[in-house]
Amino acid sequence: MARLQIDAVSKRFGAEYAVHEVSLDIADGEFLVLLGPSGCGKSTLLRMIAGLEEPSSGRILLDGIDITDIAPQQRDLAMVFQSYALYPHLTVAKNIGFPLRSRRWSRARTAERVAEVAGALELSQLLERRPAALSGGQRQRVALARAMVRDPGAFLMDEPLSNLDAKLRSATRAELIALHRRLGSTFVYVTHDQVEAMTMATRIALLHAGRVAQVGSPEELYDRPITAFVAGFLGAPPMNLFPAEVVSLDGELRVRAAGIDASLGISAGSPSGPEILAGIRPERLRIDATATDIRGRVTMVENLGSEELIHLDAAGIDCCVRAARPAGVQAGDDLRLRVDPADIHLFDRASGHRLVWQEPEAPTVHDATAVSVA
Ligand code: ATP
């Protein structure tokens, strides 16, 4: 069992907050990914959970017990670092067994447990090698094995895949997902790589400037971002964000800017007009010669192999479309795009908060409360 509760935790370095009033309830067996841009406080938060950094305020609870002031080695947690931190002069077997020997386990018992864990991570053939004679992926597995050997309640991982090349990273990602399923332990995993977050997490906590921007399943964050920051952070290429306004025309709400005029599929009685950001993911735009939703001129076409990224200038606003290759367009072409109303996300331009336009019960009656912030 390992439920981790982070209760209003802050960390200040001098006058600056690295982590600001973060609260998270991480259930037993979850794979929670702390995601965010460089410097947003992910590592500091993980180090506070591990006990390597002391919070300036707030509490951390493990299975209901306050561990904020407990020494790292007394917490039932194992940390895997980006650098692996293996001992270069020790064999793989001794590296893996180190946490047990330092807890005064006998040689025989340690060897037994090391063999068990090495078997699970396919390291049995490498036990007598030293770290220098291992590939990056093998070293990473040794670091994991050393964390697993104590059978901790939770694993804390700080960018453990960032030293691996792309192919190995993807293979190790799959291994970690399988390992998490097999062990059923709680994983808290720091990364700035959204692909890692989307593929591995049961939940993502996206951090921004030391605060939680949104917590939820990968699908929730991708499909229903609660701020323009979240919308722009997840997705490669990111969501297109158009400064626009919402107007009421012929009884329906439309989102409008110089290069965009698209229906929101909602009936409304009177103009709404607030300044908004209209967000549309590149894969949700369709090229259609008869469409009038978005018009622009192609500035560049990027070939991704199976797909193309088509960049256009929509009346001064950059817009990107992801299309199957070949889409048959080139720089200089005039392009028309269609978008489904359900694929338009709306954000308040000043605050960045998601806006929800609800269908009024009586479509012809303007209802000021129909516009709310999610
Ligand atoms: P990255 O992805 O680049 O590792 P991160 O999200 O893990 O970034 P942190 O390493 O947690 O970010 O740092 C958060 C902020 O706290 C940064 O502005 C960083 O400069 C600052 N910081 C971290 N450790 C210290 C320290 N020991 N002293 C002063 N400032 C620090």
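This is a predicted model: local features need pLDDT of at least 70, side-chain atom pairs count only at pLDDT 80 or more; totals for chains, interfaces and linings use all residues.
**Two strands to start with**

In which sense do strand 16 and strand 19 pair, and over how many bridges? Strand 16 (residues 294-303) and strand 19 (residues 334-338) pair in the antiparallel sense, over four bridges. Two strands count as paired if DSSP finds at least two bridges between them. Strands are DSSP runs of E with at least two residues, helices are runs of H or I with at least four, and both are numbered from the N terminus. Look for G296, whose bridge partner in strand 19 is L335.

Strand 16 also pairs with strand 17 (residues 307-314), in the antiparallel sense over six bridges. Here V298 stands opposite L312 of strand 17. The hairpin of strand 16 and strand 17 has three residues between the strands, and G305 takes a positive phi near 100 degrees in it.

Residues are numbered from 1 along each chain as its sequence is written, and side-chain values use heavy atoms, with hydrogens and water left out.

The pLDDT is the predictor's confidence in each residue, from 0 to 100. Its mean for the protein is 88, and 94% of the residues reach 70 or more. Over residues 361-374, however, pLDDT stays under 50. For that stretch the model has 22 contacts beyond four places in sequence, a contact being heavy atoms within 4.5 Å.

Now find the open sheet of six strands, with the order 6-7-8-3-9-10 and mixed pairing. Strand 6 (77-80) and strand 10 (211-216) are at the edges with a single partner strand each, so one side of each has no neighbour in the sheet. From one strand to the next, the twist averages 15 degrees.

Within this sheet, strand 3 (residues 31-35) and strand 8 (residues 186-191) pair in the parallel sense over five bridges. L32 has V188 of strand 8 as its bridge partner.

**Helices across the strands**

Helix 4 (residues 136-148) lies across strand 6 and strand 7 (154-158), and runs at about 170 degrees to strand 6. Helix 5 (residues 166-183) lies across strand 3, strand 7 and strand 8, at about 160 degrees to strand 8. Angles run from 0 to 180 degrees between N-to-C directions, and axes are lines fitted to C-alpha atoms, for helices over the stretch in contact.

Helix 2 (residues 92-101) and helix 3 (residues 107-120) pack at an angle of about 125 degrees, with their axes 9 Å apart. The two helices are therefore oblique to each other; angles under 35 degrees count as roughly parallel, over 145 as roughly antiparallel, 65 to 115 as roughly perpendicular and the rest as oblique. Helix 2 contributes A93, I96, G97, L100 and R101 to the contact, and helix 3 contributes R107, T110, R113 and V114.

A cis peptide bond joins A236 and P237, with omega about -5 degrees. P237 lies in the loop between helix 8 (228-233) and strand 11 (240-249). The peptide bond from R325 to P326 is cis too, with omega near 0 degrees, and P326 is in the loop between strand 18 (317-324) and strand 19.

Finally, visit A8 in strand 1 (residues 4-13). A8 has a positive phi of about 50 degrees although it is not a glycine.
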